[in-house]
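Visitor: Please take me closely through one part of this model, with every cut-off spelled out.

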Amino acid sequence: MRIVRRSSVLATIVLALVVGGAVAMVGLQVRPWWGLLGIVPTTIILGVGLWQPFRRWRLARTALPADARAWLRTHVPLYPRLDADARDRFERDVQFILDEYSFEGVQGVVVTDVLRLSVAAGAAVLLHGRPDWELPGSRSVLFYPHRFNDEYYDSADAAYDGMAHQQGPIILTAPSVKDSWADSGDADNVVLHELAHLFDFDNEGADGVPSLVAPASAGNWQSLVRREMKRVRRGRSILRPYAAEAPSEFFAVAVETFFEQPHRMARRHEELFTALVAFFHLDPRTGHRTATPQSDAPTVETDQVTGPDADTDVSR
Ligand SMILES: [Zn+2]
């Protein structure tokens, strides 16, 4: 995550000058001093457009609290593998998420620092290899007390630990979030799972082809997913059976395994591992960023995650 995205700052300045200039020109037609009115929209547009970079700039100068750093060291395997510079950037991303996302407890759930940190850490893990990326979609996270069903009720058929909406909040149950990082080598992490779904929202809906995969590589990616899903169905995969539910679930489960059991995945699913290294620009075994995607792996088409276009929900 960048403190300042040059293109958006430039667009803000241009818009402020154009709108302010237009208002000033109209004002001048009425009375000479009315031209000063152009300052008002210019100031408002600059204030709104530069607010987030300013907040990020201030946060970047503030250290993450020591207890949060200690929690990351203990619970997030990627964090201790990073060198000092990369760790600083990871902590900065965590702070940006904590500051910019809203976290709300439902039905009496108390939103603790650990719950918030658990989600922020997941986002920082997914974005670490791609500093130009932002998480797409809503910036609202709801914590439920128990598993829920399609209608968000706790009932006998409640089976969901989390749900990602293309145009709505990310819902996570508090117990599953706590479990996510409690055993960070079990390839079962609802935070990584639901946040991974966010990458999969595009015009085609959640289809297991992340929206950042270049169109030219989408076919390769889909055939890789089909082959790997067959392995899951035949019991010859390290991915848990839920990965065979749908291509979108395959991607989310694969991301969990990629970050929590990278050595095992690299041994047992070399092609899939290589594709995910290329996608995330990161080797989770070492914490090293990989700048150049493998030639036979799916590549990405852009350095920026864009917002969702269609309405699709994906649950876990
Ligand atoms: Zn899912």
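What percentage of the 316 residues in the protein chain do buried residues make up, and in which helix is Thr42 found?

Guide: This is a predicted model, in which local features need pLDDT of at least 70 and side-chain atom pairs count only at pLDDT 80 or more, while totals for chains, interfaces and linings use all residues. Residues are numbered from 1 along each chain as its sequence is written.

Buried residues make up 40% of the 316 residues in the protein chain, where a residue is buried if 20 or more other C-beta atoms lie within 10 Å of its own, exposed if 12 or fewer, and partly exposed in between, with C-beta atoms placed from the backbone. The secondary structure of the chain comes to 12 helices and seven strands, these being DSSP runs numbered from the N terminus (helices are H or I with at least four residues, strands E with at least two).

Thr42 belongs to helix α2, residues 39-60, and is buried because 20 other C-beta atoms lie within 10 Å. Leaving aside residues up to four places away in sequence, Thr42 touches Ala16, Leu17, Val19 and Gly20, contact requiring C-beta atoms, placed from the backbone, to lie within 7 Å. Gly21 is 21 residues from Thr42 along the chain, and the C-alpha atoms of the two are separated by 8.3 Å.

Elsewhere along α2, Arg55, Arg56, Leu59 and Ala60 meet Arg92, Gln95, Phe96 and Asp99 of α5. The axes of α2 and α5 (residues 84-100) come within 10 Å and cross at roughly 130 degrees, the axes being lines fitted to C-alpha atoms, for helices over the stretch in contact, with angles running from 0 to 180 degrees between N-to-C directions. That angle makes α2 oblique to α5, since angles under 35 degrees count as roughly parallel, over 145 as roughly antiparallel, 65 to 115 as roughly perpendicular and the rest as oblique.

Notes
Contact = placed C-beta atoms within 7 Å.
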